[in-house]
Amino acid sequence: MTTAQPSTAHADAAFDTSFKNLRVRRLAGRIGAEIHDLKLSGSLDEATFSELYAALLKHKVVFLRGQGHLDDAEHQAFGARFGKTVAHPTVPAREGTRIFELDASKGGGRADSWHTDVTFIDAFPKVSILRGVTIPAYGGDTVWASTVAAYEGLPEDLKRLAEGLWAVHSNDYDYAAQRTDIDPTRLAHHQKVFVSSVFEAEHPVVHVHPETGERALLLGHFIKRISGLTTAESARIFEILQNRVIRLENTVRWNWRQDDVAIWDNRATQHYAINDYGDQPRVVRRVTVEGEAAVSVDGRRSRTRTRPEAVNDEQIRQVIAQSA
Ligand SMILES: [Fe+2]
């Protein structure tokens, strides 16, 4: 007599066997996979890297445990395999690197609001690679949402409406709008550092992914308004569409351990760092890869409306020093 082993069968079904060199295990129905037994580095062989890239395009965000061998330099070298790595436009990078650090013990280190990274410029990043440096004992998970699944789930009439809309994204957005626990120090830090130079870009609300051809909603907290609508109208349309993005069915949640790496396709996702870890230390570091302007379904490209003449880390430090 044989004994059924449903747990093993279920575990096997979770693996995505379309990759030859990678062990890829799905984590949720519409987004997210963990890649097992892979050591990331700048010198990953081409066959493995191209499968990793394909897995990223397919699953939108991929996670790897146990990447403790990565230091800032190797993290950046790995990021460079995806394209040109870029520093944050307004937040100074870690000395001598292009790495963006989120440190919860410093003013601005909690990304607890739904967003796509850096959409206040026309050519916003294509990929972000986040490394867990110091992880709290409990809390501090991050959630990603598929903006492709959100678009695909819309009824046809709403798809048509969204496809015709454009929106203005700015780093000078309403920081307090989506947050329930506003710390005055964090708000001041946001004003002083993040908004030290104002950027504004206009993007289509639905864009066509340059590599997969999939259509995705391009929204998130940097949106200031929908072009051509009043603030009140913008807020209502935004809410209807944004609520589709963050439906739990479109999300995956990652419980961080130290030395984990998360890699996401910034053109097909939004994310939210859950702020439920109190005063525990939490430090994560991000390498960001340059992207290109988004393209609407009728072939028009995003445009930058406002951009400071020149921005570099030294100028930002001067602005901070003057206002400190
Ligand atoms: Fe982010």
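What percentage of the 324 residues in the chain do buried residues make up? The share is 52%. The structure is a predicted model, and its chain contains eight helices and 18 strands. The points below describe the chain as a whole, its iron site, its nonpolar cores and one of its sheets.

**The chain as a whole**

- Of the contacts between residues at least 6 apart in sequence, 83% join residues at least 24 apart.
- The chain has an accessible surface of about 14800 Å², and carbon and sulfur atoms account for 49% of this surface.

**The iron site**

- Three residues supply the protein donors of the iron ion: H115 through NE2, D117 through OD and H271 through NE2.
- These donors lie 2.1 to 2.2 Å from the iron ion.
- Along the sequence, the donor residues follow the spacing H-x1-D-x153-H.
- D117 is found in the loop between β6 (100–103) and β7 (127–134), whereas H271 belongs to strand β16 (residues 269–273), so the pair ties together parts of the chain that are 154 residues apart in sequence.
- D117 and H271 are both buried.

**The nonpolar cores**

- In soluble globular proteins, nonpolar side chains tend to be buried together.
- The largest nonpolar core in this chain has 24 residues; the members that touch the most other members are I35, L40, L52, F78, F82 and I263.
- At least two residues of this core come from each of β3 (33–36), α2 (46–59), β4 (61–64), β7 and β15 (261–265).
- Helix α2 makes the greatest contribution to this core, with six residues.
- Leaving aside residues up to four places away in sequence, L52 touches L22, I35, L38, L40, L44, V62 and F78.
- Another core, of 21 residues, lies apart from the largest one; its members include A145, L158, V206 and I226.

**A sheet of three strands**

- Three strands form an open sheet in the order β14-β8-β16, and their pairing is antiparallel.
- Strands β14 (251–254) and β16 are the edge strands, each pairing on one side only.
- On average, neighbouring strands of this sheet are turned by 20° against each other, with direction ignored.
- Strand β8 (residues 142–146) pairs with β14 in the antiparallel sense over four bridges.
- W144 has V252, in β14, as its bridge partner.

Methods:
Residues are numbered from 1 along each chain as its sequence is written. This is a predicted model: local features need pLDDT of at least 70, side-chain atom pairs count only at pLDDT 80 or more; totals for chains, interfaces and linings use all residues. Side-chain values use heavy atoms; hydrogens and water are left out. Donors are N, O and S atoms within 2.8 Å of the metal (3.2 Å for Na, K and Ca); water is not among the atoms, so sites may look incomplete. Buried means under 20% relative accessible area, exposed over 50%, partly exposed in between (1.4 Å probe, protein chains only). Contact means heavy atoms within 4.5 Å. Accessible areas come from the Shrake-Rupley method with a 1.4 Å probe; for residues, only the protein chains shown count as cover. A nonpolar core is a set of buried Ala, Val, Leu, Ile, Met, Phe, Trp, Tyr and Cys residues joined through side-chain atoms within 4.5 Å. Two strands pair if DSSP finds at least two bridges between them. Axes are lines fitted to C-alpha atoms, for helices over the stretch in contact, and angles run from 0 to 180 degrees between N-to-C directions.
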